[in-house]
Amino acid sequence: MPKPIVLHLGDPIAYNHDLYNGPFSERFTIIRNEDLTRESFIEALKTNKYGPISALLRPHFASGNEMSPWDTTLISYLPPSTKIFSSAGAGYDTISIPSLTTKGIYYTNGAGASDEAVSDTTIYMILSVFRNFTASQMAARSGDTARFMACHKDLAGISHNPRGKVLGLIGLGRIGALVARKARMGLGMEVVYFDSKRRVEEWERELGVVWGGGLKGTMGRADVVSVHCDLNPETKGLIDRERIGWMKDGVRVVNVARGGVVVEGDLVDALQTGKVSAAALDVHEFEPVVDERLRGMENVTLTTHVGGGVVETRMGFERLAMENILAVVGEDGEVRGEPLTAVNGREVREVLEGRKNGERE
C-alpha cells in the first residue's frame, strides 16, 4: 500500500532531522512543493500534480506561504484526501479557518513553542515602558554627551518601578498566563485580565489573577495594558480611540500579539496628548512599515516582530508541525487521532462526526 503524501511547503528542515528522516519519512511520502506563486500552486492543485495529498507541512513561519492568502478559493482546490494543514508560527490571519473546517481539514499552529520567548519579550516591554529604557538607549547611542547627561539626570523623575502597579492582560491563554506568573513573581505586579471566556475561580486563584469584570473594567484598572489575543474579525482594531479612552490617564500600552489589534493612528494621538504615557510594540498594524511618528518617539519601544524569535522557538515550531501530522494521519491516510495544537479542533470533529453519521444513515 502506498504511503500517504505530505506536501512540504517552504524551506527544508533545519533542526529536527531525526524526526523528519525517521518516523516522519517512514510513515509518509514527502514531496517538496515547487510551485512558488499563487497561480502556479493553484494550477498544480487543479491538475492533481502532487497526488492525493493527506497533509500540508509548513515547518517554518518565514517561508512556504508564497501562495497566500489561503482563502476559500485556494482551499477549494485542496483534494478531498487532505486531512490537516500543519504550520509553524502562532498567527493564522492569512488562513480562512472556516473554509478549512468546512472541508474537514484540521489547521494546527505552533502554539506553545513560542510561549516562553513571547512572555519574556512582554516582560522586557513592561520594564521598558515603566523605566523609559528606549529614551536612555537613544541618548546613549546619539554620541551627544549633553543628551547623555540630561537623560542620566532627568529620567529618574519620570520613571517608575512596576512593583505594585496593575497589569491588565487582554487575553489569558498560555502566553498571557506565563506573563501573569512572571509579572507577579518577578516584578511584584497585580494582574487583572479580560478574555472571551472567564477562567474558573480556582484557576484564577492558583495563577493569582483577578477577573477585570469585562474589557472596559480591565482597561480602566490597569497601569499598563498588554495585548495577548488572536487577530480575528472580533479583535481587529480592538485598541482604538474609544477604548483608549476607557484607560487611565498616563496608561502604558504593550502589544506583542498582532499589529492589527491596535489602531496605530489612535495610539499615536493618545501618545501625543499624554493620555498614553508610553508604548511598546513588537508587532505593527502595517508591517513591515512602522509609523513614522512612532519611530521618532522616545517613549515608544519598537521591535521587529521578534517576540518569539529564538532558536528554541524555531525548533519547537518545526517539531510540532510534524508531530501534529503524525497524530492525525495514519498509515492508510485516514484520520487516526486528534492533533496536539488544533485551531479548529472541535469544529472539525463535528464535521467529521457528521460525515460518519451521514454514511450510517
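A disulfide is a covalent bond between the sulfur atoms of two cysteines. The model is predicted: local features need pLDDT of at least 70 and side-chain atom pairs count only at pLDDT 80 or more, while totals for chains, interfaces and linings use all residues. Residues are numbered from 1 along each chain as its sequence is written, and side-chain values use heavy atoms, with hydrogens and water left out.

Burial was assigned from relative accessible area with a 1.4 Å probe and protein chains only: buried is under 20%, exposed is over 50%, and partly exposed lies in between. Cys151, at a relative accessible area of 15%, is therefore buried. Cys229 has 16% relative accessibility and so also counts as buried.

The search of the whole structure gave 9 aromatic pairs. Rings of Phe, Tyr and Trp (its six-membered ring) pair if their centres lie within 6.5 Å; planes under 30 degrees apart count as stacked, over 60 as edge-to-face and the rest as tilted. Tyr20 and Phe24 form a stacked pair, at 6.0 Å centre to centre and with 25 degrees between the planes. Both residues belong to helix α1 (residues 17-27), where they are 4 residues apart, about one turn of the helix. Helices (H or I, at least four residues) and strands (E, at least two) are DSSP runs, numbered from the N terminus. Tyr20 and Phe24 are both buried.

The pair of Phe61 and Phe317 is edge-to-face, because the planes stand at 75 degrees, with ring centres 6.2 Å apart. This pair links distant parts of the chain, 256 residues apart: Phe61 is in the loop between β3 (53-58) and α3 (72-76), and Phe317 is in helix α14 (residues 311-328). Phe61 is partly exposed, at 40% relative accessible area, whereas Phe317 is buried, at 6%. One aromatic cluster is formed by Phe41, Trp70, Phe85, Tyr92 and Tyr107.

The structure holds 1 cavity of 30 Å³ or more. A cavity is a set of points on a 1 Å grid over the protein atoms alone where a 1.4 Å probe fits but cannot get out, and lining residues have an atom within 4 Å of a point. At least two lining residues come from each of α5 (115-131), β11 (276-281) and β12 (300-302).

Conventions: 1 Å grid on protein atoms, 1.4 Å probe; cavity = no way out; pocket = protein on both sides within 12 Å on 5 of 7 lines; lining within 4 Å. Points joined across faces, edges and corners; volume = space filled by probe spheres on them.
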